[in-house]
Amino acid sequence: MQYTYQGCLPDVKQKISDMAVNGSGIRDTARVLHISPTTVIEELKKRTRD
């Protein structure tokens, strides 16, 4: 499957969780992964609901 936005990639979603567990902030995570801070927040919200 071809993704046009990096934030949709399953690998990036996993990295968001990994970075959060290791204490990285939202802005730091967004900067490193080249995605928006909003994407990071929304993905973390999804992870806490599960």
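The legends below describe close-up views of a predicted model.

Local features are taken where pLDDT is at least 70 and side-chain atom pairs only at pLDDT 80 or more, while totals for chains, interfaces and linings use all residues. Residues are numbered from 1 along each chain as its sequence is written, and side-chain values use heavy atoms, with hydrogens and water left out.

**View 1**
Helix H1 covers residues 10-21. Helices are DSSP runs of H or I with at least four residues, numbered from the N terminus. At 1.5 Å a residue, the 12 residues of H1 should span 16 Å, and the end C-alpha atoms are 17 Å apart, which agrees. The expected span is 1.5 Å times one less than the number of residues in the helix. Val-12, Ile-16, Ser-17 and Met-19 are the buried residues of H1. Seen down the helix axis, these buried residues fall within an arc of 165°, so they line one face of H1. The arc is that of the directions from the helix axis to the C-beta atoms. Buried means under 20% relative accessible area, exposed means over 50%, and partly exposed lies in between (1.4 Å probe, protein chains only). On the face of H1 turned away from the buried side are the exposed residues Pro-10 and Val-21. The cover over the buried residues of H1 includes helix H2 (26-33) and helix H3 (37-49). Just after H1, Gly-23 has a positive phi of about 90°.

**View 1. The crossing of H1 and H3.**
The axes of H1 and H3 are 10 Å apart, and the two helices pack at an angle of about 80°. Axes are lines fitted to C-alpha atoms, for helices over the stretch in contact, and angles run from 0 to 180 degrees between N-to-C directions. H1 and H3 are therefore roughly perpendicular to each other, a label given to angles of 65 to 115 degrees (under 35 is roughly parallel, over 145 roughly antiparallel, and the rest oblique). From H1, the contact is made by Lys-13, Gln-14, Ile-16, Ser-17 and Ala-20; from H3, by Val-40, Glu-43, Leu-44 and Arg-47. Contact means heavy atoms within 4.5 Å.

**View 2. Ser-17 and its polar partner.**
Ser-17 sits in helix H1. With a relative accessible area of 13%, Ser-17 is buried. The side chains of Ser-17 and Arg-47 are joined by a polar contact of 3.3 Å. A polar contact is a pair of N or O atoms within 3.5 Å; within protein, one must be able to donate a hydrogen and the other to accept it, and residues adjacent in sequence count only if both atoms are side-chain atoms.

**View 3. Helix H2 and its two faces.**
In H2, the buried residues are Thr-29, Ala-30 and Leu-33. Seen down the axis of H2, they fall within an arc of 100°, so they line one face of the helix. The buried residues of H2 pack against H1 and H3. Arg-27 and Arg-31 are exposed residues on the face of H2 turned away from its buried side. Val-32, also a residue of H2, is partly exposed at a relative accessible area of 47%. Val-32 and Met-19 are 13 residues apart in sequence, and their C-alpha atoms are 9.9 Å apart in space.

**View 4. Thr-29 and Ile-26 within H2.**
Thr-29 belongs to helix H2 and is buried, with a relative accessible area of 1%. A polar atom of the Thr-29 side chain lies 2.8 Å from the backbone oxygen of Gly-25. Leaving aside neighbours within four places in sequence, Thr-29 is in contact with Ile-16, Met-19, Ser-24 and Val-40. Not counting residues up to four places away in sequence, Ile-26 touches Pro-37, Val-40 and Ile-41. Ile-26 and Thr-48 are 22 residues apart in sequence and 15 Å apart in space, C-alpha to C-alpha.

His-34 lies in the loop between H2 and H3. Its phi is near 60°, a positive value in a residue other than glycine. With 65% relative accessibility, His-34 counts as exposed. Lys-45 is in helix H3 and counts as partly exposed at 40% relative accessibility. Between Lys-45 and Leu-33 there are 18 Å in space, C-alpha to C-alpha, and the two are 12 residues apart in sequence.
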